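Trainee: I'd like to learn how to read helices, strands and cores in a model like this one. Can we go through it feature by feature?

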Amino acid sequence: MTTCKKCGTCCTKGGPALHKEDLSKVQSGVICISQLFTIRAKEPVWDNVLGVMSTAGTDVVKIKGTKNSPLCSYYDGKAPACRIYGNRPAECRALKCWDTAAVEEMYAKNRLTRRDILAAAESLCDLIDAHQQYCDYDNINRLCHGIVQQNDWTGGAELTKIIRYDENMRQLVIKQAGISVDILDFLFGRPVAATLRMFSLELRNSGRHLQFRRLPGTRPAGRSAPLIRAGEE
């Protein structure tokens with residue numbers, strides 16, 4: 001096969017990341033911001049092209065999946081067809097399922113960032129920068145590694161502060177700026193609490209306190225300890 005059959009197989013594996021050449025599609029509303037989410041710099045991420053867990057070097061702005069499915073939100077399964085095929089993103093244009101060389105060559109280059117899209121909203125960009133700095137994934141990784149691998153629960157309090165900051169920032173822009181909840185994952189990425197499983201932790205919210213639990217099968221090297229500790233606020 002050397003021509004696209006428009007079967008939708010590639011669409012079921014997740015929405016594409018956006019690149020600089022896709023900016024006009026977002027600005028014109030062909031691709032809605034409410035249909036985007038951001039994988040933030042340094043966040044662990046599954047690399048669909050290489051087939052390995054990797055770390056995002058920069059923002060990766062992607063089209064959302066459908067509900068709890070990776071199926072691209074612009075794919076119409078009834079047709080079946082892409083609802084924006086004539087204006088599909090650059091990665092979709094480059095992808096040929098019988099030859100992935102073109103998409104492999106371009107997929108990590110000239111990625112579109114939140115600042116590119118929000119260039120005219122400087123105050124909102126400042127909030128994004130503040131959130132990125134406080135909720136830095138290098139620090140989150142360090143704290144989670146200490147809990148999971150070194151049995152060091154002292155980082156629980158700091159991790160709690162990061163999670164609460166992330167939650168409060170989202171509520172702030174909803175209440176003070178009238179931002180729709182639909183674009184929060186574009187502005188600030190996925191909630192920090194929702195990404196802890198990538199670090200072998202799960203979260204239990206018990207009111208004022210957060211509890212962190214190592215996922216089954218993870219133990220600190222050479223030591224044993226209770227699986228649950230509370231992160232104090």
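This is a predicted model: local features need pLDDT of at least 70, side-chain atom pairs count only at pLDDT 80 or more; totals for chains, interfaces and linings use all residues.

Trainee: What span does H5 reach from its first C-alpha to its last?

Mentor: The general idea is to compare the span with what 1.5 Å a residue would give. H5 has 13 residues and reaches 18 Å, close to the 18 Å expected.

Trainee: Which residues of H5 are buried?

Mentor: Buried here means under 20% relative accessible area. In H5 that picks out Leu124, Cys125, Ile128, His131 and Gln132. They cover an arc of only 120° around the axis, so they sit on the same side of H5. Ser123 and Gln133, on the other side of H5, are exposed.

Trainee: And what covers the buried residues of H5?

Mentor: The cover includes three helices: H4 (114-117), H7 (156-177) and H8 (184-188).

Trainee: Let's take H7, then. How many residues has it, and what comes after it?

Mentor: Run the span check again: H7 has 22 residues and reaches 31 Å, close to the expected 32 Å. Its buried residues include Leu159, Ile162, Ile163, Met169 and Val173, but also Arg164, Asp166 and Arg170. After H7 comes glycine 178, with a positive phi near 70°.

Trainee: How do I read a strand? Which residues of S4 point which way?

Mentor: With a strand, look at where the residues point. In S4 (residues 60-63), Val60 and Lys62 point one way, while Val61 and Ile63 point the other way; all are buried. Then look for a partner: S4 pairs with strand S1 (residues 36-39) in the antiparallel sense, over 4 bridges. Phenylalanine 37 stands opposite lysine 62 of S4.

Trainee: Now the core. Which residues touch the most other members of the largest nonpolar core?

Mentor: For a core, look at who touches whom, then at which elements contribute. The largest nonpolar core has 26 residues, and Leu18, Ile31, Leu36, Ile117 and Leu187 touch the most other members. Helix H1 (23-27), S4, H5, H7 and H8 each supply at least two residues of this core, and its largest share, 4 residues, comes from H8.

Trainee: What is isoleucine 117 in contact with?

Mentor: Set aside its neighbours within four places in sequence, and isoleucine 117 contacts Leu23, Val26, Ile33, Leu36, Val61, Leu112 and Phe186. Apart from this core lies another one, of 17 residues, among them Cys135, Trp153, Ile162 and Ile163.

Notes:
Residues are numbered from 1 along each chain as its sequence is written. Side-chain values use heavy atoms; hydrogens and water are left out. The expected span of a helix is 1.5 Å times one less than its number of residues. Buried means under 20% relative accessible area, exposed over 50%, partly exposed in between (1.4 Å probe, protein chains only). The arc is that of the directions from the helix axis to the C-beta atoms. Contact means heavy atoms within 4.5 Å. Two strands pair if DSSP finds at least two bridges between them. A nonpolar core is a set of buried Ala, Val, Leu, Ile, Met, Phe, Trp, Tyr and Cys residues joined through side-chain atoms within 4.5 Å.
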